[in-house]
Amino acid sequence: MARMKFLCDADRCIECNACVTACKNEHEVPWGINRRRVVTLNDGQPGERSVSMACMHCTDAPCQAVCPTSAIFTTADAVVLHSKDICIGCGYCFYACPFGAPQYPKVGNFGSRGKMDKCTYCAGGPEADGSKEEYEKYGANRLAEGKLPLCAEMCSTKSLLAGDGDIIAQIYKERVVKRGYGSGAWGWKTAYRETIAS
Amino acid sequence: MSTLLRTFRLWTAMLALAGLALVATPAAPPSFAQQPSQVNPTADAVKEDQLLNQLRIINGRGTIPDVKSYNLEQPRGRDWRSFQEVTLPWIGAIAILGMLALLVLFYLMRGMVRLESGRSGRTIVRFNAFERFVHWMTATCFIILAITGLNITFGRKLLLPLMSPDAFTAWSQAGKYAHNFLSFPFTLGVVLIFLMWIGGNLPSGSDIEWLRKGGGLLRRSAHAPPAGRFNAGQKMIYWIVVLGGGAMAATGYMLMFPFYLTDVAGMQNTAMVHGIVAVLFVAIMFAHAYIGTIGMEGAFEAMGTGTVDVNWAREHHSKWLEDEAAKSRGAAPPSGARATPAE
């Protein structure tokens, strides 16, 4: 089984936000919820870099560890998914997540959160692959169709890579060797406890 | 003449160029090879490692309204996870089970603290209807808040294996709503408790004596040291309820209205304070409930019917009894009671 990962090559990201738009459209993500976003560091200064960030599908995922109802699980492809039928919207996964991935619709009283929503690596949820219920709750299940996440597929500069961790790490390494520089695989140390030497 | 000069200049220039080219050619390859390093775009690029060393949260600029999303990375989420997964359950288990073990041990050794002089048959009002209503409203809320709160920390390990995931979610979801809504009457109760009992709960000189003698609870032969309306132990419970309840309410409302006042680091700290204070609070309230029921004869009726036996008042709150008696008629305590002077 492949170990699925995301890798954002920040030296290529041009902050076009196509990944954000692709994700929103593919999964019909409601207003106010962003499964993916682009963050610009050192904006307007020398050394500025943009990084596209979503759920990194961590190894030994912290969200999964703190969930009081065991709503979050890791698939055989190492994709971290969750069940909206089991989630109670307590918000703990957001505090534990190193990447700010979990999102909550504002429903009910006070600041109370609805069922958590996050990047599914385009792999849907626990429902039957490609079913109507799955699409309504989690969006499209591209992985079941043999396709990779749309954000990465759509990336115009191929900055955002998705796929088997070893393969995308290899692609990144080759790029770094060829062009002579690379600012590193953002988030890999935190998410996967590993770095790509560059 | 001028044409000759022009031709000469032209030739000289051409020769010079050719010479330059000859000189320059051997040096050219290294200068091309070095070019990438001269324009290395990562020379001053932001580095993740460097940022992580400097900051606990890597923050940038985003283009969506949600400012929380401008945090690119916060590895401290992993620390919060280990608190939530390991530290808090251990603190909670040790505090609560430890307290229960202590109480069982205490009961086995000391048994119920008896009324040594028996019942006089005469009673005195200790808590009026309003005070009892406030107490039981706060207590009911506390019990439900405690159970639903402990469910968040321990339910997954203790309860989920016993029931279906759907049933556990239904119960936890209901628990979350109960926890949110009952916070309001609980907070009101804490405020009322603070206001209506502050008079009797300010520290006084007799508290030291009471604490030194362990409230007369530790040895069967010991008499309770003199105390006013509330003894030092009750004063401690009062301040734990007021300050602990206040802390629970403040952190609880911050969690209930997330990110209104603070950022993700603040929310993590808030949840940690809420969790630690909560488990300690629950542990201490077990002791409170114990001494108010099976721990001491004649104690429960104070919050039950609102009246206590005069002998109970004399044994545990002699100064209060004297004050009450003095207040009512300026006379001595009722004569029906055994007239042993309190030590």
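**Entry 1: terms and confidence**

I take helices (H or I, at least four residues) and strands (E, at least two) as DSSP runs, numbered from the N terminus. With that convention I placed A:Asn17 in the loop between S1 and H1 of chain A. I note at the outset that this is a predicted model.

I looked up the overall scores and found ipTM 0.92 and pTM 0.86. For chain B the mean pLDDT is 87, and 83% of its residues reach 70 or more. I then asked where in chain B pLDDT stays under 50. The stretch is residues 22-37, and the model gives this stretch 1 contact beyond four places in sequence.

I recalled the background: most residues other than glycine have a negative phi. A:Asn17 has 17 C-beta neighbours inside 10 Å and therefore counts as partly exposed, since that class lies between the limits of 12 or fewer for exposed and 20 or more for buried.

I found a positive phi at A:Glu15 as well, about 55°, and A:Glu15 is likewise not a glycine. I located A:Glu15 in the loop between strand S1 (4-8) and helix H1 (18-27) of chain A. A:Glu15 has 19 other C-beta atoms within 10 Å, so I recorded A:Glu15 as partly exposed.

**Entry 2: A:Ala54**

Is A:Ala54 buried or exposed? I counted 26 C-beta neighbours inside 10 Å, so A:Ala54 is buried. The residue sits in strand S3 (residues 49-54) of chain A. Setting aside neighbours within four places in sequence, I listed its contacts as A:Phe6, A:Arg35, A:Arg36, A:Ala101 and A:Cys119. I also checked the separation of A:Ala54 from A:Ala169: 115 residues in sequence and 18 Å in space, C-alpha to C-alpha.

**Entry 3: nonpolar cores**

I recalled that in soluble globular proteins nonpolar side chains tend to be buried together. I then looked for the largest nonpolar core, which has 74 residues. Which residues have the most contacts inside this core? They are A:Cys93 and A:Leu160. Helix H3 (residues 92-96) of chain A contributes the most to this core, namely 5 residues.

Beyond its neighbours within four places in sequence, A:Cys93 touches A:Cys63, A:Val66, A:Cys67, A:Ile72, A:Pro102 and A:Met116. I noted a second, separate core of 19 residues, including B:Phe142, B:Phe186, B:Val279 and B:Ala283.

**Entry 4: chain B and its helix pair**

I counted 11 helices and 4 strands in chain B. Of the 343 residues of this chain, 29% are buried. Taking contacts in chain B between residues at least 6 apart in sequence, I found that 70% join residues at least 24 apart.

I then examined H3(B) and H8(B). Two packed helices are described by the angle between their axes and the distance between the axes. Here the axes come within 9 Å and cross at roughly 5°. H3(B) and H8(B) are therefore roughly parallel to each other, because angles under 35 degrees fall in that class. The residues in contact include B:Trp80, B:Phe83 and B:Leu103 of H3(B), and B:Met272, B:Phe286 and B:Tyr290 of H8(B). By class, the residues of this contact are 19 nonpolar, 3 polar and 1 charged.

**Entry 5: the contact between chains A and B**

How many residues does each chain bring to the contact? I found 50 from chain B and 45 from chain A. On the side of chain B that touches chain A, at least two residues each come from strand S2 (71-73), helix H3 (76-110), helix H4 (129-158), helix H5 (165-197) and helix H8 (264-292) of chain B. H5(B) gives the most to this side, with 8 residues.

**Entry 6: A:Ser112**

I ended with A:Ser112, which lies in the loop between H3 and helix H4 (132-138) of chain A. With 18 C-beta neighbours inside 10 Å, A:Ser112 counts as partly exposed. What does A:Ser112 contact, leaving aside neighbours within four places in sequence? I found A:Gly89 and, in chain B, B:Asn180. A:Ser112 and A:Gly89 are 23 residues apart along the chain, and their C-alpha atoms are separated by 7.6 Å.

Note on methods:
Residues are numbered from 1 along each chain as its sequence is written. Chains are lettered from A and ligands numbered from 1 in the order in which they are written. This is a predicted model: local features need pLDDT of at least 70, side-chain atom pairs count only at pLDDT 80 or more; totals for chains, interfaces and linings use all residues. A nonpolar core is a set of buried Ala, Val, Leu, Ile, Met, Phe, Trp, Tyr and Cys residues joined through C-beta atoms within 7 Å. Two residues are in contact if their C-beta atoms, placed from the backbone, lie within 7 Å. Axes are lines fitted to C-alpha atoms, for helices over the stretch in contact, and angles run from 0 to 180 degrees between N-to-C directions. Angles under 35 degrees count as roughly parallel, over 145 as roughly antiparallel, 65 to 115 as roughly perpendicular and the rest as oblique. Ala, Val, Leu, Ile, Met, Phe, Trp, Tyr, Cys and Pro count as nonpolar, Asp, Glu, Lys and Arg as charged, and the others, Gly among them, as polar. pLDDT is the predictor's confidence in each residue, from 0 to 100.
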